[in-house]
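Look through the structure below before reading on.

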Amino acid sequence: MDRVEMRERLEKKLTKKRYEHSLGVEYTAGCLAMVYGEDVEKALTAGLLHDCAKWLSGDDKIEKCEKHGLSVSDVERKNPELLHAKLGAYYARTKYGIEDEDILSSIEFHTTGRPAMSMLEKIIFVADYIEPNRRPLDEIEEIRREAFTDLDKCVVHIIKNTLSYLGTSKSDATDQMTIDTYNYYIK
Ligand code: DGI
Ligand code: FE
Ligand code: FE
């Protein structure tokens, strides 16, 4: 399936806003790939598809994961929104014909990140946060600058903001992977 066909399919599934966001992540990931010498086509594809499972309700996400044998942790059960990432990787493989493991894991880990991310994984993680259609987030100008000058610093900055947004007290909302990513990249 080429990207034009993927877009047509996605547009039918996602809300207008989410579809625009997906296009924003697509071209932003493409630009970052140019800066960091990553495969531009792969970045465009991963960026476009990263939220392809976002349209399902929370209960449906849990149900689909269980149906397809994808594990659901306690944190994910309480915060089923998190599951759109791993379910998205599953749909990218089964419904959009993606076989490239790096693209698939970029989708799977785009929300929490993970320790020792590949270049493509970092690009998708960052592009998701900085793409131009997203409503302005704290320190976004500095984060956008870092994205194109110091990608690892940018990852840390994003994770810091996410953890502070989730709130240290609401520990039952924070996925262990988000904490692991933070601890890895803060070093
Ligand atoms: O799907 P998007 O909205 O484009 O972006 P995303 O996949 O990064 O999801 C963003 C949301 O995910 C944001 O509200 C923060 C939340 N998030 C990130 N890490 C965690 C998390 N939510 C929970 N509950 N736990 C986490 O560790
Ligand atoms: Fe997402
Ligand atoms: Fe997104």
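Which residues coordinate the iron ion (ligand 2)? They are Asp51 (OD), His84 (NE2) and His110 (NE2), at 2.1 to 2.2 Å. Donors here are N, O and S atoms within 2.8 Å of the metal (3.2 Å for Na, K and Ca), and water is not among the atoms, so sites may look incomplete. Along the chain, the donors of this ion follow the spacing D-x32-H-x25-H. The pair Asp51 and His110 links distant parts of the chain, 59 residues apart. Asp51 sits in the loop between helix 3 (40–49) and helix 4 (58–67), while His110 sits in the loop between helix 7 (101–108) and helix 8 (119–130). Helices are DSSP runs of H or I with at least four residues, strands are runs of E with at least two, and both are numbered from the N terminus.

Some conventions apply throughout. This is a predicted model, in which local features need pLDDT of at least 70 and side-chain atom pairs count only at pLDDT 80 or more, whereas totals for chains, interfaces and linings use all residues. Residues are numbered from 1 along each chain as its sequence is written, chains are lettered from A and ligands numbered from 1 in the order in which they are written, and side-chain values use heavy atoms, with hydrogens and water left out.

Are Asp51 and His110 buried or exposed? Both are buried. Buried means under 20% relative accessible area, exposed means over 50%, and partly exposed lies in between (1.4 Å probe, protein chains only).

Asp51 also bridges the iron ion (ligand 3) and the iron ion (ligand 2), and these two ions lie 3.4 Å apart. The iron ion (ligand 3) is coordinated by His21 (NE2), His50 (NE2), Asp51 (OD) and Asp128 (OD), at 2.1 to 2.2 Å. Its donor residues are spaced H-x28-H-D-x76-D in sequence. His50 counts as buried because its relative accessible area is 0%. Asp128 is buried as well, at 9% relative accessibility.

Next comes the surface. Arg9, Lys12, Lys13, Lys67 and Lys95 form a positive surface patch. Patches are made of residues with over 30% relative accessible area and no salt bridge, with like charges joined within 9 Å and nonpolar side chains (Val, Leu, Ile, Met, Phe, Trp, Tyr) within 5 Å. A salt bridge is a side-chain nitrogen of Lys or Arg within 4 Å of a carboxyl oxygen of Asp or Glu. Helix 1 (residues 3–13) gives the most to the positive patch, with three residues. Arg9 is found in helix 1, and its relative accessible area of 34% makes it partly exposed.

A negative surface patch is formed by Asp2, Glu5, Glu8, Glu11 and Glu20. Helix 1 again gives the most, with three residues. Glu20 lies in helix 2 (residues 16–36) and is partly exposed, at 38% relative accessibility.

The backbone comes last. Most residues other than glycine have a negative phi. Ala116, in the loop between helix 7 and helix 8, has a positive phi near 50°. Glu139 also has a positive value, near 60°. Glu139 is found in the loop between helix 8 and helix 9 (140–149), and is partly exposed, with a relative accessible area of 44%.

Note on methods: Accessible areas come from the Shrake-Rupley method with a 1.4 Å probe; for residues, only the protein chains shown count as cover. Lys and Arg count as positive and Asp and Glu as negative; His and the chain ends are not counted. The place of a charge is taken as NZ of Lys, CZ of Arg, CG of Asp or CD of Glu.
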